[in-house]
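Open your viewer and get ready to select a few pieces one after another.

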Amino acid sequence: MKTLTFLARSGPHGSSKPKALLDMVLSAAVFEQKINYIFIDDGVYQLLPDQDPSRLAAKNVSAALPALELYGVDKVYVDTDSLQKRGLAARQLLIPAQTCHADEIKTLIADSDMVFSL
Amino acid sequence: MIISLVIHGAPGATQGPQTALSFCQAALDAGHQIYRLFFYEDGVHNAHALSVWPQDERDLNNDWASLVRRNNLDAVVCVASALKRGVLNEEEAARYEKQAASLDSAFDISGLGQWVDACLNSDRVVSFGV
């Protein structure tokens with residue numbers, strides 16, 4: 001088993017990156033790898049509830065996030081600094097995410113076998 | 001060292017694919033083993049057989065296919081990414097009743113499972129063009 005860390009850095013709409021990264025996370029989860037899923041920078045916007053991109057002819061990728069638990073992905077982190085810079089609070093988020101600081105993220109990355117960032 | 005590459009980004013549009021190509025060649029020259037090349041999202045455009053490049057530009061599509069053939073590499077395009085972007089092999093073209101196949105035969109179509117497998121079997125997985 002390997003430890004794979006995923007850094008979600010892009011906003012939920014405007015590119016296919018959030019979906020591309022989520023698909024990687026779910027695939028790795030199906031193969032029962034140890035996963036850290038970290039939301040940072042504009043990626044924290046993916047965690048906001050009640051998004052409706054239907055007028056963009058786009059699917060709401062964030063709607064799939066509550067399914068992470070079913071896949072056994074329970075190490076979900078959100079960067080405190082990114083939340084603060086955007087005026088967001090951890091209690092507003094769609095799924096439970098452990099708040100963490102840059103130092104902790106550094107440790108998570110250092111302890112990972114592989115890191116993917118989108 | 002056993003290395004796999006994940007290639008994002010279309011050739012000519014972003015620098016990533018060209019850097020990946022150079023990295024791959026350099027790794028092979030240095031005696032490393034390339035376990036797999038995984039082309040994801042816009043990266044599948046690197047596997048297009050139908051692209052025609054201007055004469056004064058480096059034909060990255062041709063260079064990828066030659067590199068894969070020359071070194072007998074395992075090169076996979078992500079099926080979901082590829083179908084959406086019209087990168088189809090004969091089998092997929094027939095299945096979806098499209099008029100042409102566009103995937104260079106140096107590449108295979110498969111899923112993200114192949115990327116996970118690359119993670120499990122490589123010492124390093126390096127992403128390009130993110």
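**Stop one: a helix in chain A**

Select helix 1 of chain A, residues 17-30: its 14 residues reach 20 Å from the first C-alpha to the last, close to the 20 Å expected at 1.5 Å a residue. (The expected span is 1.5 Å times one less than the number of residues; helices are DSSP runs of H or I with at least four residues, strands are E runs of at least two, and both are numbered from the N terminus.) This is a predicted model, where local features need pLDDT of at least 70, side-chain atom pairs count only at pLDDT 80 or more, and totals for chains, interfaces and linings use all residues. Residues are numbered from 1 along each chain as its sequence is written, chains are lettered from A and ligands numbered from 1 in the order written, and side-chain values use heavy atoms, without hydrogens and water.

Now colour the buried positions (under 20% relative accessible area, with a 1.4 Å probe and protein chains only). Helix 1 of chain A has 10 of its 14 residues buried, including A:Leu21, A:Leu22 and A:Val25. Show what covers them: among the elements are strand 5 (114-117) of chain A and helix 5 (112-121) of chain B. Just after the helix, click A:Glu32, which takes a positive phi of about 55 degrees.

**Stop two: a strand in chain B**

Next, select strand 3 of chain B, residues 75-78: B:Ala75 and B:Val77 on one side, and B:Val76 and B:Cys78 on the other, are all buried.

Methods
Buried means under 20% relative accessible area, exposed over 50%, partly exposed in between (1.4 Å probe, protein chains only). Contact means heavy atoms within 4.5 Å.
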